[in-house]
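My entries follow the structure below.

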Amino acid sequence: MTDQEKIIYADNAATTPVSAAVFRAMEPYLTTYYGNPSSIYSVGRKAKRALEEARDEVARCLNAEPGEIYFTSGGSEADNWAIKGAAHQLAKKGKRHIITTQFEHHAVLHTCAALEKEGFEVTYLQVHSNGLVRPEELKQALRDDTALVTVMYANNEIGTLQPIAEIGAICRERGVLFHTDAVQAVTNVPIDVKQQQIDLLSLSAHKFHGPKGVGVLYCRKGILLPNLIDGGAQERGKRAGTENVAGIVGLAQAMKDACAGMQERSERLTRMRDRLIGEVLKIERSRLNGDPDQRLPGNVNFCFEGIEGESLLLLLDMHGICASSGSACTSGSLDPSHVLLSIGLPHAVAHGSLRLSFSDQNTEDDIDAILAVLPGIISRLRAMSPLWEEIQTGAVQYDIQKF
């Protein structure tokens, strides 16, 4: 592929390009209004005003109050702050039990593992073959000493959307804090923290055409979390460090733009997604991972028997198509996706996965281009695969659709 050939970027779940509007919004706070927002002179006051206007905008998009919005370095920090903070605070009342799911992002799973080393007990709910949590199983897992439930809003690999409002209602009724990692969901589906009874929520700007290195923790009024970073009085004394004003302005602009066009974008991406699914599933021994309906508009995740996902990605890249086999945070791992294993797929099948994720910058032409090359690539890889030969001869006997 030459530099002049078009790149089809289909890995928006990993990160997104900064939009032109976001770049324009950020630039003055990098070059002109670069003052420290804690300063009292005019350049600092202008930065402070931009910071608070951004807080107001984020709050509007979530139906939250500005005082419930805390800016962070990204989703991982927000997850750590919410989960560790709630756990440590409620441990003082004897509550040392946490409930999460088996297929959370590692920012949640590793945080829970760290708390287990401190003596907390963690229950990992099943997500079943369709990638969905069953609220009745959450009810059964709740205990008198449960401090927190943390369930991701939308899975970063297979795109499944959890019954967040139902989970929120169960937790509120039992007096248990509810946190959701909404990094993949924010701006892709409508979120109302009040109506959905969400206590804590994490998001990250670079998933919706904002800059990297900036995120948000929503913390419902009345919930007192310990500081994650001690130092100065920034973020109302809860999160020390000079604020990333340009990044925060960019986050707010990106969120405002994405929320304004959400319905139209969602409908268009859903049509593209469903057309892609229908065509790809015509490939022999292929499988869609995750619920076909309860999923993000721009997310598809497939498994193809008899191939390795890494080889598939390299050949797609030769055609200018950027995709992934799962989370970008674990792309260096040789192990199959923990998400795919959690929904019951065997290792041999989980290794042959492909995630394609789209944004408003993708078009129907991109879908056409992917469909033009994907079947041939899979055929080429299978022709070289000893496993595929075993499948064809009947030495490996199972139905990929039954997992």
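Before reading the helix pairs, I noted that axes are lines fitted to C-alpha atoms, for helices over the stretch in contact, and that angles run from 0 to 180 degrees between N-to-C directions. The model I consulted is predicted.

Entry one: helices 4 and 5. I looked up helix 4 (residues 75-91) against helix 5 (residues 106-117) and found an angle of about 30 degrees, with the axes 9 Å apart. Angles under 35 degrees count as roughly parallel, so helix 4 is roughly parallel to helix 5. Their crossing is right-handed. Helix 4 contributes Ser76, Asp79, Asn80, Ile83, Lys84, Ala87 and His88 to the contact, and helix 5 contributes Ala107, Val108, Thr111, Cys112 and Leu115. I recorded six nonpolar, four polar and two charged residues in this contact.

Entry two: helices 3 and 8. For helix 3 (residues 42-62) and helix 8 (residues 245-260), I read axes that come within 9 Å and cross at roughly 30 degrees. These two helices are therefore roughly parallel to each other, and their crossing is left-handed. Among the contact residues are Ala47, Leu51 and Glu57 of helix 3 and Ile248, Met255 and Lys256 of helix 8. The contact holds 14 nonpolar residues, no polar ones and two charged ones.

Gly75 lies in helix 4.

Notes. Residues are numbered from 1 along each chain as its sequence is written. This is a predicted model: local features need pLDDT of at least 70, side-chain atom pairs count only at pLDDT 80 or more; totals for chains, interfaces and linings use all residues. Side-chain values use heavy atoms; hydrogens and water are left out. Helices (H or I, at least four residues) and strands (E, at least two) are DSSP runs, numbered from the N terminus. Angles under 35 degrees count as roughly parallel, over 145 as roughly antiparallel, 65 to 115 as roughly perpendicular and the rest as oblique. A crossing is left-handed if the near helix is turned anticlockwise from the far one by less than a right angle, and right-handed if clockwise. Contact means heavy atoms within 4.5 Å. Ala, Val, Leu, Ile, Met, Phe, Trp, Tyr, Cys and Pro count as nonpolar, Asp, Glu, Lys and Arg as charged, and the others, Gly among them, as polar.
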